[in-house]
Amino acid sequence: MSNGLLEGKKGIVFGALNEQSIAWKVAERAVEEGAQIVLTNAPIAMRMGAIKELGEKLNAPIIPADATSEEDLDKLIDAAMEHFGGKFDFMLHSIGMSINVRKGRHYTDQNYDWTMKGLDVSGMSFHKCIQAAYKKEAITEWGSILGLTYIAAQRVFPDYNDMADNKSFLESIARSFGYHYGIKNKVRINTISQSPTVTTAGSGVKGFDQFITYSEKMSPLGNASALDCANYCITMFSDLTKYVTMQNLFHDGGFSNTGVTQEVIEKFGE
Ligand SMILES: NC(=O)c1ccc[n+]([C@@H]2O[C@H](COP(=O)([O-])OP(=O)(O)OC[C@H]3O[C@@H](n4cnc5c(N)ncnc54)[C@H](O)[C@@H]3O)[C@@H](O)[C@H]2O)c1
């Protein structure tokens, strides 16, 4: 169903890997709502093939870019502006990766080369994407930039490991750059803090299956799906949220403000 919320808007969507990806749903919903988009992902993700199907389905060009490479990002912004015939209106950063998590390295025993790589991919790349657009004046006034995050930036979830630190950094960039980009071009920058969701990145976290059930029981509305997250992103790209900036916005069925639910208490009585 379309409400034409993004009619006439243009944007870049980073991070659609497969049908489960949150970015995949955002890309589909953005086009449904009337937007024109450019898809991008790391060159290695291109080899997996699925993004090509999405590009064909949505009539969207795919421009590979490693989000840690300033050179790739510069080329991406130039190519997107050429494709759109000028500035564009929104950008989704939907990128995350920790080698320590992937290889099962404990938080107290990190391989710092991996930590640095994860920080670059998951956190600093947000700054690099925004800075590339900022320097080229690529985004229209009242444009909107989003990053995706998780509540482990505020509260401890031990198996989230160094990704918690990466997400704190990401959320801080939304505030700091949101200030500067707001002053310069009235561009807004926010992060959406999403429920645990079954995707390639999400499933890499140890004990994810039990954890997702716990989160479901601890959220008055239950866990938010990838599609619902995409719908929230669409409203944030639309003109209906023009004065929301520099925020971390929880999209988690109420998890973040729940101390405990009756259902979880009763589990302990069993
Ligand atoms: N799945 C969850 O439970 C959950 C919860 C909250 C927030 N998030 C966040 O949502 C975002 C999207 O993740 P997802 O769950 O859809 O998983 P996903 O695995 O589908 O997406 C992660 C994407 O990051 C891309 N990527 C990795 N390294 C890159 C690089 N160097 N350059 C460019 N792209 C690169 C991958 O190719 C992939 O497309 C991430 O920031 C993730 O941390 C996920």
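The ligand is surrounded by 27 residues, the closest being Ser21, Gly96, Thr199, Ala201 and Gly202; a residue is taken as near a molecule or strand if its C-beta atom, placed from the backbone, lies within 6 Å of it. Residues are numbered from 1 along each chain as its sequence is written. The model is a predicted one, in which local features need pLDDT of at least 70 and side-chain atom pairs count only at pLDDT 80 or more, while totals for chains, interfaces and linings use all residues.

By residue type, the shell around the ligand divides into 14 nonpolar, 12 polar and 1 charged. Here Ala, Val, Leu, Ile, Met, Phe, Trp, Tyr, Cys and Pro count as nonpolar, Asp, Glu, Lys and Arg as charged, and the others, Gly among them, as polar. At least two shell residues come from each of α1 (22-32), β4 and α8 (200-203), and α8 gives the most, with 3 residues. Helices (H or I, at least four residues) and strands (E, at least two) are DSSP runs, numbered from the N terminus.

Turning to the sheet, 6 strands form an open arrangement in the order β2-β1-β3-β4-β5-β6, with parallel pairing; two strands pair if DSSP finds at least two bridges between them. Strands β2 (36-40) and β6 (248-251) stand at the edges with a single partner strand each, so one side of each has no neighbour in the sheet. From one strand to the next, the twist averages 20 degrees. Strand β1 (residues 10-14) runs parallel to β2 and is joined to β2 by 5 bridges, with Gly11 opposite Ile37 in β2. Helix α1 packs on this sheet, touching β1, β2, β3, β4 and β5, and its direction makes about 165 degrees with that of β1. Contact means that the C-beta atoms of two residues, placed from the backbone, lie within 7 Å. Axes are lines fitted to C-alpha atoms, for helices over the stretch in contact, and angles run from 0 to 180 degrees between N-to-C directions.

Strand β4 (residues 139-149) is largely enclosed by the rest of the structure, because 8 of its 11 residues are buried. A residue is buried if 20 or more other C-beta atoms lie within 10 Å of its own, exposed if 12 or fewer, and partly exposed in between, with C-beta atoms placed from the backbone. Strand β4 pairs in the parallel sense with β3 (residues 88-93) over 5 bridges, and Gly147 in β4 is the bridge partner of His93. With β5 (residues 188-194), β4 pairs in the parallel sense over 6 bridges, and Thr149 has Ser193 in β5 as its bridge partner. Together, β4, helix α7 (residues 163-185) and β5 make a right-handed β-α-β unit, meaning that, with the strands pointing away from the viewer, the path from the first strand over the helix to the second runs clockwise. Helix α7 lies across β4, β5 and β6, at about 155 degrees to β5.

Most residues other than glycine have a negative phi. Trp142, in strand β4, has a positive phi near 70 degrees and is partly exposed, with 14 other C-beta atoms within 10 Å. Met246 has a positive phi near 60 degrees and sits in the loop between α10 (226-237) and β6. Val156, in the loop between β4 and α7, is exposed, with 8 other C-beta atoms within 10 Å.
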